[in-house]
Amino acid sequence: MKIALLGYGRMGKEIEKIALQRGHEIVIKTSSDDSYDISTADVAIDFSIPTAAYNNITNCFDHNVPVISGTTGWLEKYDDALTYCKEKNGAFIYASNFSLGVNIFFELNNQLAKMMNALNDYNITMEEIHHTKKLDAPSGTAITLAEGIISNSSKTSWELDTKSSSEVIPITAKRIPDVPGTHSIAYTSEVDTIEIKHTAHNRKGFALGAVVAAEWILNKKGVFTMKDVLNIG
């Protein structure tokens with residue numbers, strides 16, 4: 001499989017290693033201001049920057065190249081991207097986190113939220129920890145987790161650095177050197193605490209998930225999620 005890496009930062013380099021190990025070929029490695037011929041690729045993996053992501057993605061649709069995107073910070077144009085994908089009969093997966101373990105964790109989070117919804121004695125809290133180079137807070141993964149809880153409970157919103165209430169999920173974001181990513185959700189009552197937690201040991205899990213998604217989407221048409229890739233949920 002010929003892969004275009006749209007964004008060749010730390011994640012792009014990690015994806016390259018995994019892709020080569022799995023027998024694929026990297027035909028494009030681009031930064032945000034490079035020109036490239038996307039038609040030489042079988043599939044594209046976009047881990048670029050917010051200002052480049054939408055153009056990268058729509059360029060793939062224009063040239064009938066399936067695209068996987070893990071870039072954050074551009075989602076105000078996400079619905080436009082979906083519409084354009086459908087117009088061009090393209091193939092697209094966006095995920096806030098491509099780690100296979102995290103996507104299983106998303107499903108555990110949804111199921112736990114359903115089970116805990118009727119138990120009013122428990123207060124929910126969420127914490128995410130990342131490396132100091134991660135500037136956005138909370139993480140996209142934490143937001144996805146919060147949205148999963150909201151969809152499966154009476155909670156209506158999340159807030160950063162606030163107290164738990166009947167409607168709000170409080171999220172604490174910490175930045176510590178050399179932490180790839182840790183996310184935990186705790187339900188605490190007077191008598192006990194129920195907690196689920198995912199800890200990334202390195203960036204390989206994120207890269208592997210992106211490559212697996214690229215392998216899966218080849219020769220498909222439509223808008224998909226990691227649930228489709230993993231056949232869960």
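**Note on the predicted model: pockets, cores and salt bridges**

1. By class, 9 nonpolar, 17 polar and 5 charged residues make up the lining of the largest pocket. The space in this pocket comes to about 830 Å³. Its lining has 31 residues, and the closest to the pocket centre are M11, F47, T72, K134 and R203. Helix α1 gives the most, with 3 residues. Keep in mind throughout that this is a predicted model.

2. Now the second largest pocket. About 680 Å³ of space lies there. Its lining has 30 residues; Y94, S96, F106, T144 and E147 are the closest to the centre. Two or more lining residues come from each of α3 (78–87), α4, α5 and α7. Which element supplies the largest share of the lining of the second largest pocket? That is α5, with 7 residues. By class, this lining has 12 nonpolar, 13 polar and 5 charged residues.

3. Next, the nonpolar cores. The largest has 27 residues, and the members touching the most other members are I15, I45, I68, I93 and F98. At least two core residues come from each of β1 (2–6), α1, β3 (43–46), β5 (91–94), α6 and α7. Helix α6 gives the most, with 8 residues.

4. Look at I93 in the model. Neighbours within four places in sequence are left aside here. I93 is then in contact with V67, I68, S69, F98, A213, W216, I217, F224, T225, M226 and V229. There is also a second, separate core of 19 residues, whose members include I28, A53, W74 and Y94. Y94 is also one of the residues closest to the centre of the second largest pocket.

5. The salt bridges come next. How many salt bridges does the count come to? The count comes to 7. One of them joins the side chains of E215 and R22, at 2.9 Å from N to O. E215 sits in helix α6 (residues 204–217), while R22 is in the loop between α1 (10–21) and β2 (25–30). The pair links distant parts of the chain, 193 residues apart. E215 counts as partly exposed, at 27% relative accessibility. R22 is partly exposed too, with a relative accessible area of 40%.

6. Another salt bridge pairs K227 with E107, with the closest N and O atoms 3.3 Å apart. K227 belongs to helix α7 (residues 226–230) and E107 to helix α4 (residues 100–116), 120 residues apart. E107 is at 14%, so E107 counts as buried; the cut-off for buried is under 20%.

7. E128 and R175 form a salt bridge as well, at 2.8 Å from N to O. E128 lies in strand β6 (residues 123–130) and R175 in strand β8 (residues 168–175), so the pair ties together parts that are 47 residues apart in sequence. E128 is buried, with a relative accessible area of 0%. R175 is partly exposed, at 25%.

8. Last, T156. Where is T156 found? T156 is in the loop between α5 (140–151) and β7 (157–160). Not counting residues up to four places away in sequence, T156 touches I150 and E167. T156 and I129 are 27 residues apart in sequence, and their C-alpha atoms are 23 Å apart in space.

How values were computed
Residues are numbered from 1 along each chain as its sequence is written. This is a predicted model: local features need pLDDT of at least 70, side-chain atom pairs count only at pLDDT 80 or more; totals for chains, interfaces and linings use all residues. Side-chain values use heavy atoms; hydrogens and water are left out. A salt bridge is a side-chain nitrogen of Lys or Arg within 4 Å of a carboxyl oxygen of Asp or Glu. Helices (H or I, at least four residues) and strands (E, at least two) are DSSP runs, numbered from the N terminus. Buried means under 20% relative accessible area, exposed over 50%, partly exposed in between (1.4 Å probe, protein chains only). Contact means heavy atoms within 4.5 Å. A nonpolar core is a set of buried Ala, Val, Leu, Ile, Met, Phe, Trp, Tyr and Cys residues joined through side-chain atoms within 4.5 Å. On a 1 Å grid over the protein atoms alone, a cavity is a set of points where a 1.4 Å probe fits but cannot get out, and a pocket is an open set with protein on both sides within 12 Å along at least five of seven lines; lining residues have an atom within 4 Å of a point. Grid points are joined across faces, edges and corners, and a volume is the space filled by probe spheres set on the points. Ala, Val, Leu, Ile, Met, Phe, Trp, Tyr, Cys and Pro count as nonpolar, Asp, Glu, Lys and Arg as charged, and the others, Gly among them, as polar.
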